[in-house]
Amino acid sequence: MKSISQFLFLSAMVIMTMTFGACSDDDSLFKENTLGSQLTERGEYRVSRFQLQRNIVDIPTSEDGVSISMVSHTDNSELLFDALVEHSDDHLWIELLIPRASSIPDSDYDLTFTLKDGSRLGVRLQATFRDEMLYSIIGKTRLYKLDGRGTLEKPYLIGSTDDFLNFRIGLDQDSLRGAGMYFKQTADFTAPEASDAIDGRLYTPAQFAGSYNGANHSITMQYSGSSSSERDNNIGLFATLLEGSVVRNLTVNASIRGGNSCVGAIAGATKGTVALDSIAVKGYVLGKDHVAAFIGQADGNLIANNCFLAASVSATDYVGGLVGSLENGTLTTKMFTNLLPATPEEIKAGGDHLKMHDFTVIAEGSHAGGVAGYVNGGCSMSGVLLQHTIDGETKEVKVIYAGNNYAGGLIGEAIINQTSMVTSIHSLAPITANKNYSGGLIGKASISADMSILSSTIGTQILGGSYVGGFIGHATTGGMLTIGKASNSSQNFIGEVRNAYAAITGKTDVGGLFGYIEGDIKPTSATSINIDVTATDSISGGVIGTQHNNTLECKYFSLDNDMTIYGNKKVGGYVGYANHSTIHGDLNDGKSINAKSHPAFKSFTTTFAGKVKPKNSGYAMGGIVGYAYDTYLSALCVTGSVEGSEGVGGIVGVLENPTRGYIYDCVANLASLKNVSGDYTGGICGLYYFSSGSQSDLINYTDVTGQNYTGGIFGAIKLLEGAPSMDLNSIFNEGSITGTEQVGGCIGYIEHNNTEDYRKNDVKVSYAGNFSAVESSGVGNVGGIIGHGNTPRMIVMHCANHGNISSKQESKVGGIIGRIGHDAEGASFYIGENIELAYCCNRGEISSESSASNIGGIAGYQEEGHEFDEQHWMTHDCYNAGTLTSDQTDDNGGILGFIDHYGEICQCINIGEVKYGNGIVGTHPAGGIFYYHNVYTLKDKGKDWRADVFSDADKAKESTFEGFDFSNVWQINDSRNDGFPSLRDCPFQFKN
């Protein structure tokens, strides 16, 4: 139907100025026909005046104006005019106002009348117009053969199957499909059969644009399909609910199968803004795609308040409890649940006032949601409660299920491009996406407009392949997602509710809150999480599986101490895999922890106290994050437990920063940190790939058990190709460290083999302290601070060790470092500027069970270095106060166990007992050249080879130690170091 012109009602002022029958002096038009109809001019209008008997069209006497639709029998075009009404006892006068730019062509017309309040009269008048005047009345038809007038005060009444059939026929005949009309149900009944029921169709629905009030009655609706799939589209009580339609106070007992596309018990589809209020759907609804208990497919805004789901819904794709899919609008729900009011008999028998009814939403293909399978637009949801209690034995049950992708407690997949809010949601029914994208609220969300998730609870099992999350399986936020709580409401919670079984399990990218998230979130209050998270393959985290371009403020997420995060690869207490992100805790109220002050752990509060465990193997396992790439880590503290087989760390398992990132202000005090089968274990970080960033103020109180490359702070540090200088400072360890091969109190191993341009790349470790035992059971290098610093320009300064350092097999063992510097290898004799070891002290016992080991109070083995250099690139300004107890084939050394070709040592003191060796240098290679000057050993504490001996009586005399800088480097204080010289700038040399 094409519309030629359309006008709204005249304003009251215009109506008041136009008096019936009045013509201005300028009016010259006047026509009249034999029926008494007249055509005149009045201002900007031609006025077509005619009389109608009241028994033909009964317009309420309170109405002085109407709108008249005229549909032409000639070309089906529509004219819409305002009209004035004058009432008499048995008839009324109509004055049709025709704007000058419009006209009424000669034709037969269907006339319908709409009152000012938008309601329509339930009559259609067939009339002939000639010369724009009423020429004859052909006839009239009641639009609906029902009792009532179709108004709000006197709605059409529907009380039987026949009434509903007349209603449906009337909708077919009504070009406006009931728009502006009111219908009310007066009894329970079954929807009528259609005339072509022989092919299996039991009900043929129509479009509807009016208001239907079920008045708390029920309709039983059956449908079993037809021989034509096209005819099985848009199946429901109504085919399509159109703009402005409302359905309320109704229960539909549905038995629908054989539907094709767009199938729902209330309507197959909606267009425009449609409202459902106080609707219950029971039974089952089956179809192919865009299928739901209520609405199959919505195009526009869908509003559903106080709706109840007690049905099984099944299809191939786009399946929802409320709507299969929605586009171009907002899905608004307030109170949607499968808990229906119990009957008086059930309550009298001791039941609850709300009774849980079973429901299922199953997509054999993709897109299943407790409320909607798919939304492209916006959503405003509150008070949703979907519950299906399970225990460990029934956890395989399919309730909200997608055979392929996209399953969510609310929405399978959401593209949010309009302002949205989700609040007070209780998702307590199992959710499964057999392949990917499964979430307690949304399987996958692409968010480009402001969205909030507030005061919601997830208490069920969530299963999937990739991208599985407590709230959202896969989210891209654009920084527009807010997580928090509504005013005067509880915080978000994910975990067991009423002791029902709850867990989050997937193959990869699994998280307590998000399986995968790209873009920031804006938390406003804490979210509490108490649920086990499992990735059967890789990437799982207590809050996030994978975070990309995201800042995570840990203080907004409270993880229960009993939580366990499982996985085989990239597993973390908070995050499995962090990529170009920031993870920030709230340690020490955001202030630096100042590791140099050696604080006690009781001054810190924990960020994570749960457990991180491998499912089978365990690569990149961390108390906060499993694997971090180009990521900033700060102010974090862990007190739980971490286990794994390679790359295991109290804070982060593996940290790789090729272009940006840092790690500082982090503390580990774990109950257990174990790597029982593989390499790279650290109290803070198992394996650190470095090329950019900074690292400082790192503390470990944890006993660390590992294999090769084990350290109290870092298991191993590997500098990437092209890495600039590295400065690691202000770190200390207070836990016992046990490993094999490369083991250090702070760092097991540092590697940088860039020998071609090594003079650009200082690798510096400074202000480090170790206060506990370090032990290696394999062949390697063991040190109180570093096991092996295998890099040119290796600098170790201002460090101290108090722990006992030991090895069981042939090793290089030192109080500060087991082995320092890079071996030139091949035909080269040395690497210039290879090492600098300075301002360090040892107080621990150094030993080895193997006689082939090299033992040194400061370093077990010093690689070749530069030729004579009086200031740098040597061992200088160090002292040893520890005991070297074991007997080796080569002599031990109070400062250096072994010094390679072109090494150098100066300004050093030994005051510890070297039972089997020399006070300063143990030995050197045959034919090797090394330099020594201003080195001193206390009498009877070791042999004096290449060293000057001093007595206890001379220890406090600066003159005893020629060449020492007592103004800037050294000091003598009777109350410190037993009166021997000590270092001015070595904060960990004394325990207090």
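Author: A definition is needed at the outset: rings of Phe, Tyr and Trp pair if their centres lie within 6.5 Å. The model under discussion is predicted. Within it, ring pairs link a cluster made up of Tyr144, Tyr156, Phe164, Phe167, Phe183, Phe189, Phe208, Tyr212 and Phe238.

Reader: How many aromatic pairs does a search of the whole structure find?

Author: A pair of aromatic rings is described by the distance of the centres and the angle of the planes. The search of the whole structure gives a total of 47 aromatic pairs.

Reader: Which residues does phenylalanine 167 contact, leaving aside its neighbours within four places in sequence?

Author: Phe167 is a member of the ring cluster. It is also among the residues with the most contacts inside the largest nonpolar core, along with Tyr212, Leu276, Phe294 and Leu837. With neighbours within four places in sequence set aside, the contacts of phenylalanine 167 are Tyr144, Leu146, Ile158, Phe183, Phe208, Tyr212 and Phe238.

Reader: Is the pair of tyrosine 632 and tyrosine 662 stacked, edge-to-face or tilted?

Author: The pair links distant parts of the chain, with tyrosine 632 in strand β57 (residues 632-638) and tyrosine 662 in strand β61 (residues 662-668), 30 residues apart. Tyrosine 632 has a relative accessible area of 23%, so it is partly exposed. The ring centres are 4.5 Å apart, and the angle of 55° between the planes makes the pair tilted.

Reader: What is the angle between the planes of tyrosine 688 and phenylalanine 690?

Author: Tyrosine 688 counts as buried because its relative accessibility is 0%. Phenylalanine 690 likewise counts as buried, at 1% relative accessibility. Their rings are 5.8 Å apart centre to centre and form an edge-to-face pair, with an angle between the planes of 75°.

Reader: Which lysine lies over the face of tyrosine 627?

Author: Two lysines may be considered here. The charged end of lysine 955 sits over the ring of phenylalanine 980, at 4.6 Å from its centre. The face of tyrosine 627 has above it, at 4.8 Å from the ring centre, lysine 570.

Reader: What is the phi of tyrosine 437?

Author: Tyrosine 437 lies in strand β36 (residues 431-439). With a relative accessible area of 13%, tyrosine 437 is buried. Its phi is positive in a residue other than glycine, near 70°.

Reader: Where is asparagine 588 found?

Author: Asparagine 588 is not a glycine, although its phi is positive, at about 60°. It counts as partly exposed because its relative accessibility is 27%. Asparagine 588 is found in the loop between β54 (582-584) and β55 (611-622).

Reader: What distance separates the C-alpha atoms of alanine 668 and aspartate 703?

Author: Alanine 668 lies in strand β61, and it is buried, with a relative accessible area of 0%. Not counting residues up to four places away in sequence, it touches residues including Val638, Gly683, Tyr701 and Thr702. Alanine 668 and aspartate 703 are 35 residues apart along the chain, and their C-alpha atoms are separated by 9.8 Å.

Reader: What is the radius of gyration of the protein chain?

Author: The protein chain has three helices and 94 strands. The globule rule gives 30 Å for 992 residues, and the value for this chain is well over that, so the chain is more spread out than a compact globule. Its C-alpha atoms fill a box of roughly 140 × 70 × 50 Å along the principal axes. The radius of gyration is 42 Å.

Technical notes:
Residues are numbered from 1 along each chain as its sequence is written. This is a predicted model: local features need pLDDT of at least 70, side-chain atom pairs count only at pLDDT 80 or more; totals for chains, interfaces and linings use all residues. Side-chain values use heavy atoms; hydrogens and water are left out. A nonpolar core is a set of buried Ala, Val, Leu, Ile, Met, Phe, Trp, Tyr and Cys residues joined through side-chain atoms within 4.5 Å. Buried means under 20% relative accessible area, exposed over 50%, partly exposed in between (1.4 Å probe, protein chains only). Contact means heavy atoms within 4.5 Å. Rings of Phe, Tyr and Trp (its six-membered ring) pair if their centres lie within 6.5 Å; planes under 30 degrees apart count as stacked, over 60 as edge-to-face and the rest as tilted. Helices (H or I, at least four residues) and strands (E, at least two) are DSSP runs, numbered from the N terminus. A charge sits over a ring if NZ of Lys or CZ of Arg is within 6 Å of the ring centre and within 35 degrees of the ring normal. The radius of gyration is taken over C-alpha atoms; the globule rule is 2.2 Å times the number of residues to the power 0.38.
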